[in-house]
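Hello,

Here is the structure I promised to pass on. Have a look at it first, and then read on for what turned up.

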Amino acid sequence: MKAEFVEAIPIIEQLNEHGHEAYFVGGSVRDLLLNRKIGDIDIATSAKPDEIQKIFPKTIDVGVQHGTVIVLHNGKPYEVTTFRTEGEYEEYRRPKYVRFVSSLQEDLKRRDFTINALAMDKNGRILDYVNGMEDLENRMIRTVGDPYERFSEDALRMLRALRFVSQLSFRLEEKTMQAITVWHKLLQNISIERITAEFEKLLAGASANDAIQLLTLTNVYQHMPGLKQKKEQLHKLLSYPMHNLCEREEYWTVLLFVLETDDGESFMRNWKLPRRVIKKVCRHLELLNCLFEKDWTAFLLYKTGLEDALQLERIRQVLQKEKNEEAIQKLQKSYEQLPIHSRKELAVTGNDILNIVPKKPGKWVEEYLTLVEQQVVNGLIENNSGEIKEWLKNCNQKLGESC
Ligand SMILES: Nc1ccn([C@@H]2O[C@H](COP(=O)(O)OP(=O)(O)OP(=O)(O)O)[C@@H](O)[C@H]2O)c(=O)n1
């Protein structure tokens with residue numbers, strides 16, 4: 001068994017010692033069997049929340065009314081949830097109501113997809129009541145039991161299905177797909193935050209293109225902010241190698257560029273993205289035009305900073321449908337070799353400029369500083385105060401007021 005699970009076995013053992021059943025469940029068991037990176041480890045148990053809290057010295061109450069307690073074990077958090085069925089999720093992992101049930105089997109049968117409804121005991125034995133193993137082997141996303149029932153319990157599951165197609169490169173089972181095509185309207189009741197979280201995972205998956213195709217085939221895209229009129233543009237997205245992107249800002253920039261969205265800022269606000277993400281994407285979109293026109297200049301690299309420059313370069317490559325690792329490395333090297341990396345490193349300050357140029361303080365100081373920065377970054381003058389001051393005197397004489 002993998003170390004992540006071995007570390008959590010004492011939690012199951014302690015629950016067992018108090019007479020309760022307990023198993024590993026959900027995404028971590030699926031990812032273990034697929035040999036993927038293991039995310040959060042979830043445990044399902046017959047113990048009720050108050051019993052879980054009594055057994056473990058360190059717990060966090062994240063939703064006792066939903067049956068979930070976080071147990072801190074060796075400094076790591078584990079979600080321990082009482083066997084339950086549920087309905088109508090309000091937000092991530094928080095159904096509006098739950099009904100505790102008495103067996104693991106009942107609990108597993110209310111879960112979304114067969115591959116997510118596998119359990120594992122502390123000895124590594126897999127418990128499969130829903131043919132999840134078969135679907136894992138056939139690489140298939142299929143709801144547990146009746147798709148209509150599963151989707152009416154939580155409509156977000158329709159988008160989750162497409163997200164798993166993208167992340168796992170699985171196919172969507174026929175009946176599951178039909179049900180999504182019929183029931184997609186239910187997604188209009190789902191909070192935008194939940195939709196955004198799934199959509200971002202979908203965009204970042206290895207088979208995002210397959211999932212985007214399904215988004216339009218099933219009409220799910222109609223319930224995503226700003227996409228209703230963008231079916232054709234969404235199809236255009238399919239020709240870009242999006243899997244070469246890394247950060248969430250990169251996906252949103254490519255999406256907005258390809259969708260030809262006029263007001264990117266409102267578009268992203270409707271998705272409730274954090275302000276800092278919106279700001280960065282807007283800046284990327286602005287700089288992309290410079291980049292398409294004249295490629296990287298030393299000053300553009302300096303102004304952008306390394307982290308954003310690497311993001312922009314990945315975006316540029318994806319939009320120009322190329323993959324060029326060498327260009328990325330070259331950019332990194334060029335950045336390291338810049339004479340300065342911020343204004344703080346400049347050998348003169350605004351005050352120095354005021355001492356040299358006999359004018360009243362004003363906006364021009366900032367303009368002069370930018371000019372000096374440009375000269376230094378472009379390697380036209382050395383970053384030492386003597387040389388800069390000399391250049392400033394000449395520049396002032398030559399350009400006078402317009403400098
Ligand atoms: N709407 C939902 C959300 C979750 N689940 C169940 O709860 C488990 C944990 O959910 P979550 O952490 O959201 O997803 P994971 O499957 O673990 O995937 P990941 O961690 O990659 O997001 C799922 O595997 C599934 O069994 C469900 O049945 N219905």
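**What was found**

Leaving out residues up to four places away in sequence, His341 touches Tyr302, Tyr335 and Glu336. You will find His341 in the loop between α17 and α18 (350–356). Its relative accessibility is 27%, so His341 counts as partly exposed. Please keep in mind that this is a predicted model.

Another residue in that part of the chain is Leu346, whose place is also in the loop between α17 and α18. Is Leu346 buried or exposed? Leu346 has 7% relative accessibility and therefore counts as buried, because the cut-off for that class is under 20%. Its partners, not counting residues up to four places away in sequence, are Ile340, Leu369, Val372, Glu373, Val376 and Asn383.

**The chain as a whole**

Stepping back, the protein chain has 20 helices and 11 strands. Its radius of gyration is 28 Å, well over the 22 Å that the globule rule gives for 403 residues, so the chain is more spread out than a compact globule. Taken along the principal axes, the box filled by the C-alpha atoms is roughly 85 × 50 × 35 Å.

His341 and Asp107 are 234 residues apart in sequence, and 56 Å lies between their C-alpha atoms. For Leu346 and Leu214, 132 residues apart along the chain, the C-alpha separation is 53 Å.

How much of the chain is buried? Buried residues make up 51% of the 403 residues. Among contacts with a separation of 6 or more, 63% are between residues 24 or more positions apart. The chain exposes about 19,800 Å², and carbon and sulfur atoms supply 46% of that area.

Next, have a look at the second largest pocket, which has a volume of about 220 Å³. Which helices each supply at least two residues of its lining? They are α15 (298–304), α16 (306–319) and α17 (325–336). The largest share, four residues, comes from α17.

Sorted by class, the lining has five nonpolar, three polar and four charged residues.

**Helix α10 and what surrounds it**

Helix α10 covers residues 208–217, and its buried residues are Ala208, Ala211, Ile212, Leu214, Leu215 and Thr216. What do these buried residues pack against? The answer is a set of five elements: α7, β11, α8 (174–183), α9 (192–203) and α11 (231–237). Just after α10 comes Asn219, with a positive phi of about 70 degrees.

**Positive phi in two loops**

Ser169 is not a glycine, yet its phi is positive, at about 55 degrees. It is found in the loop between α7 (156–168) and β11 (171–172). With 31% relative accessibility, Ser169 counts as partly exposed.

Lys321 is a further residue other than glycine with a positive phi, in this case near 50 degrees. The place of Lys321 is in the loop between α16 and α17. At 46% relative accessibility, Lys321 counts as partly exposed.

Leu273 lies in the loop between α13 (264–270) and α14 (275–294). With a relative accessible area of 7%, Leu273 is buried. Leaving aside neighbours within four places in sequence, Leu273 is in contact with Thr196, Glu200, Arg248, Trp252, Met268 and Ile278.

Pro10 is partly exposed, with a relative accessible area of 27%. How far apart in space are Pro10 and His73? From C-alpha to C-alpha they are 8.7 Å apart, although 63 residues separate them in sequence.

Definitions and conventions. Residues numbered from 1 in each chain as written. Predicted model: local features only at pLDDT ≥ 70, side-chain atom pairs only at ≥ 80, totals over all residues. Heavy atoms only, no water. 1 Å grid on protein atoms, 1.4 Å probe; cavity = no way out; pocket = protein on both sides within 12 Å on 5 of 7 lines; lining within 4 Å. Points joined across faces, edges and corners; volume = space filled by probe spheres on them. Nonpolar A, V, L, I, M, F, W, Y, C, P; charged D, E, K, R; others polar. Rg over C-alpha atoms; globule rule 2.2 N^0.38 Å. Buried < 20%, exposed > 50% of the residue type's maximum accessible area, 1.4 Å probe, protein only. Contact = heavy atoms within 4.5 Å. Areas by Shrake-Rupley, 256 points an atom, 1.4 Å probe, with all protein chains shown as cover.
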